[in-house]
Amino acid sequence: MQPFRLLSIIFLLFLFPVQETFAQGGGHKPEEKKDVAAMDSIYSVKENDPLAEPAGDNFDNVFSPTDLFTADELVSPMPMGDMKMEGGEHAGHQEPQIELSHHELVSSSSKGFGTAVGITLFAGLVFAGFTFLRLGE
Amino acid sequence: MANGLSKILQDRLGLHLLEYDISEHANSIKYSLGGMTLTAFTVLVLSGILLAQFFVPDPERANRSVHYLVDQVYLGWYLRGIHFWAAEVLTVTMTLHVIRVFFTASYKNPREINWLIGIGLMLLMVTLLFTGTVMKWDQEAYEALAHFLWVAEQMGIFGLPLTEEFAQGVPLLNRIYMAHISLLPIITLLMVGLHLFYVKYHKLSPLPESPEKSESMPFTRHMAYLQRAGAGVFLLICLLALTIAPPLGEEPVLGMEVTKPPWQFVWVYALENLWVPLLIVAPALTVLFLVSIPFVDQNKERYWKKRPLAMMFLVGFILLFTFLIIWGKVTTMTHSM
């Protein structure tokens, strides 16, 4: 019983300053991506991509060029023998650069951030209400 | 009037059936971990239904559709965060639940079958986690799928249904999506129902240290406690989603291996680094070990102080996995398959 009450108090203390923290949180704001591909309609076809299939392709061409099982070299057997390992000797400059994804702090400029704070605050109040009122317990 | 309405609803809905007695120790965090796991799973299902409205299960568009959701859709980043963090919280509560069940010897006669159902549920959760990782279709997803396909290849005819050769002309990502949003959740829900049925049928396992002393209370009181615990779990998920965005990379570069799997799988990565076939052998041995526990451990004793060998196994298992996860996180892949 006690841990819940303690937790709810900690959560409430954390919750109330969160909006202000993030409103000021320019220092933690991740670099905003202005990736053209991400801004484009997701339903558009890459017309300039030589690998992209034209619209209305026949059934023989249903595989996407980025799919694992398109080309012969994919999967059977899996081409891991050719894979370059992180930090390996062969990680040369001719290999394509891959930016590894990581956890990032949420930016306060994210769409609907205020609403998200509101939803979280509401969840906190519900938990606090259950903890202090002990309905049905 | 409120009492009258309450009585009418109770009569119509049969709510009085929930008034059966259970042990009072059910209202504690350690005996509510299963309920907390169920809460996280419910959040996953609901957020998953919303996420599915924005996801395009096509290898060429899947990654872009997730980026679109996160960058362009109102609250899309929050929705994805809730789904991601619900899965993380579920992993933790489910693991703690399994540890509690082992610690209190709740898998022993007559609850062996429910232990097996629980292990099945754990495997389903791992599979859901894996398929969810693949669906975002970034470098991490591609490499996860590449490893999976390698394992499927090694399994020969048994692995065939898991490869693209089984349904030529259908992108594997589509089939993984189907498994993630329908096949696996349906099986999970059925097994959760079975798991709960056997909890009720065999009753909550008694406290090992004082099996006779436990008082009883109506189940509705436990429901109220679970309601509070569930609200806490949801709050935690919301807080995490509000502050930390889950990783999301760009479309994968085929034939490269540069990422590490999520922490839930990284122990296998560490072992694979030692000897590649461990990628298959280690998970199989782990499952075999878990399944065999109630059949090997026939000792009737339930109190942990009187089960030194079992406690040694438990501590050893926890230390081994913790070490492998940390090692997998800090080590660099050195082998070439």
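In what order do the elements of chain A run from the N terminus on? In this predicted model, the order is α-α-α-β-α, so that chain A comprises four helices and one strand. Among the contacts in chain A with a separation of 6 or more, 65% are accounted for by residues 24 or more positions apart.

In chain B, helix H10 spans residues 278-296 and bends by about 25° at Leu290(B), with a proline, Pro294(B), following within four residues. Leu290(B) and Pro294(B) both belong to the buried residues of H10(B), which also include Leu278(B), Leu279(B), Ala282(B), Thr286(B) and Ile293(B). An α-helix has 3.6 residues a turn, so residues three or four places apart point the same way. The cover over the buried residues of H10(B) includes helices H4 (76-103), H5 (112-135), H6 (139-154), H9 (266-274) and H11 (308-330) of chain B.

Helices H4 and H5 of chain B also contribute to the second largest pocket, each supplying at least two residues of its lining, as do strand E1 (21-23) and helices H2 (33-52), H7 (172-202) and H8 (219-243) of chain B. The volume of this second largest pocket is about 1,400 Å³. Its lining is made up of 47 residues, and those closest to the centre are Gly34(B), Gly35(B), His195(B), Leu196(B) and Val199(B). Divided by class, the lining of the second largest pocket holds 24 nonpolar, 17 polar and six charged residues.

Several backbone features of chain B lie in loops. Most residues other than glycine have a negative phi, and most peptide bonds are trans. The peptide bond from Asn109(B) to Pro110(B), however, is cis, with omega near 10°, and Pro110(B) is placed in the loop between H4 and H5 of chain B. A positive phi, near 65°, is found for Leu75(B), a residue other than glycine, in the loop between helix H3 (62-72) and H4 of chain B. Lys203(B), likewise a residue other than glycine, has a positive phi near 70° and lies in the loop between H7 and strand E2 (216-218) of chain B.

Conventions. Residues numbered from 1 in each chain as written. Chains lettered and ligands numbered in written order. Predicted model: local features only at pLDDT ≥ 70, side-chain atom pairs only at ≥ 80, totals over all residues. Heavy atoms only, no water. Bend = angle between axes of the 7 residues up to and from the residue. Buried < 20%, exposed > 50% of the residue type's maximum accessible area, 1.4 Å probe, protein only. Contact = heavy atoms within 4.5 Å. 1 Å grid on protein atoms, 1.4 Å probe; cavity = no way out; pocket = protein on both sides within 12 Å on 5 of 7 lines; lining within 4 Å. Points joined across faces, edges and corners; volume = space filled by probe spheres on them. Nonpolar A, V, L, I, M, F, W, Y, C, P; charged D, E, K, R; others polar.
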